[in-house]
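This briefing goes through a few features of one protein chain. Look at the sequence and the structure first, then read the points below.

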Amino acid sequence: MRFLLELAALLGLGLAGWSLSDGWWHWILALALPLIAAALWGTFAVLNDPSRSGRAPVPVPGAVRLVLELTILFGGAAGFYLIGHTTTGIVITLLIVISYAFSLDRLVWLLRQ
């Protein structure tokens, strides 16, 4: 479910970039927002994170990683909400909360790193 939430976040960011801008900015923001989010997601990681490969191109503390994850995920949900897909934004928000509620062991691990 986490991977699907990541994809939904990227889609929400891209759609928001497209819908909340005009002219050439449609294309720039629709492509840049998800690409930047994906690059940040893949680059900044906690070393030996069991939910990832364990590798960290740029090692960061667990709290930093958690803030990054929550910012991207909830940012994508907010993107859906802001462009008028209110129900989709709310459902994704609830799924994020449920996902993290069922992975409390990972949250504790992250915060201890």
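Glu-69 is buried, because its relative accessible area is 0%, and under 20% counts as buried. The model is a predicted one.

**Salt bridges of Glu-69**

- Side chains of opposite charge can pair when their charged atoms come close.
- Arg-106 forms a salt bridge with Glu-69, and the closest N and O atoms of this pair are 2.6 Å apart.
- Arg-106 counts as buried, because its relative accessibility is 11%.
- Arg-65 also forms a salt bridge with Glu-69, with 2.9 Å between the closest N and O atoms.
- Arg-65 and Glu-69 are separated by about one helical turn, because they are four residues apart in helix H3.
- Arg-65 counts as buried, with a relative accessibility of 0%.

**Other contacts of Glu-69**

- Leaving aside residues up to four places away in sequence, Glu-69 touches Arg-2, Trp-41, Tyr-100 and Arg-106.

**The salt bridge between Arg-2 and Glu-6**

- Arg-2 forms a salt bridge with Glu-6, and the closest N and O atoms are 3.8 Å apart.
- Both residues belong to helix H1 (residues 2-19), where they are four residues apart, so about one helical turn separates them.
- Is Arg-2 buried or partly exposed? Arg-2 is partly exposed, with a relative accessible area of 21%.
- Glu-6 counts as buried, because its relative accessibility is 18% and the limit for buried is under 20%.

- How many salt bridges does a search of the whole structure find? The search finds five.
- A network of salt bridges links Arg-2, Glu-6, Asp-49, Arg-65, Glu-69 and Arg-106.

**Packing of H3 and H5**

- Two packed helices are described by the angle between their axes and the distance between the axes.
- H3 and helix H5 (residues 104-112) pack at an angle of about 130 degrees, and their axes are 6 Å apart.
- This angle makes H3 oblique to H5, because angles over 145 degrees count as roughly antiparallel and 65 to 115 as roughly perpendicular.
- On the H3 side, the contact is made by Gly-62, Ala-63, Arg-65, Leu-66 and Glu-69.
- On the H5 side, the contact is made by Arg-106, Leu-107, Leu-110 and Leu-111.
- The residues of this contact include Arg-65, Glu-69 and Arg-106, which are also part of the salt-bridge network.

- A nonpolar surface patch of about 900 Å² is made by Met-1, Leu-20, Tyr-81, Leu-82, Ile-90, Leu-94, Ile-98 and Phe-102.
- Helix H3 (62-82) and helix H4 (86-101) each supply at least two residues of the patch.
- Which helix gives the most to the nonpolar patch? H4 does, with three residues.
- Ile-90, one of the residues of the patch, is found in helix H4.
- Ile-90 is partly exposed, because its relative accessible area is 44%, which is between the limits of 20% for buried and 50% for exposed.

Note on methods
Residues are numbered from 1 along each chain as its sequence is written. This is a predicted model: local features need pLDDT of at least 70, side-chain atom pairs count only at pLDDT 80 or more; totals for chains, interfaces and linings use all residues. Side-chain values use heavy atoms; hydrogens and water are left out. Patches are made of residues with over 30% relative accessible area and no salt bridge: like charges are joined within 9 Å, nonpolar side chains (Val, Leu, Ile, Met, Phe, Trp, Tyr) within 5 Å. Accessible areas come from the Shrake-Rupley method with a 1.4 Å probe; for residues, only the protein chains shown count as cover. A salt bridge is a side-chain nitrogen of Lys or Arg within 4 Å of a carboxyl oxygen of Asp or Glu. Buried means under 20% relative accessible area, exposed over 50%, partly exposed in between (1.4 Å probe, protein chains only). Axes are lines fitted to C-alpha atoms, for helices over the stretch in contact, and angles run from 0 to 180 degrees between N-to-C directions. Angles under 35 degrees count as roughly parallel, over 145 as roughly antiparallel, 65 to 115 as roughly perpendicular and the rest as oblique. Contact means heavy atoms within 4.5 Å.
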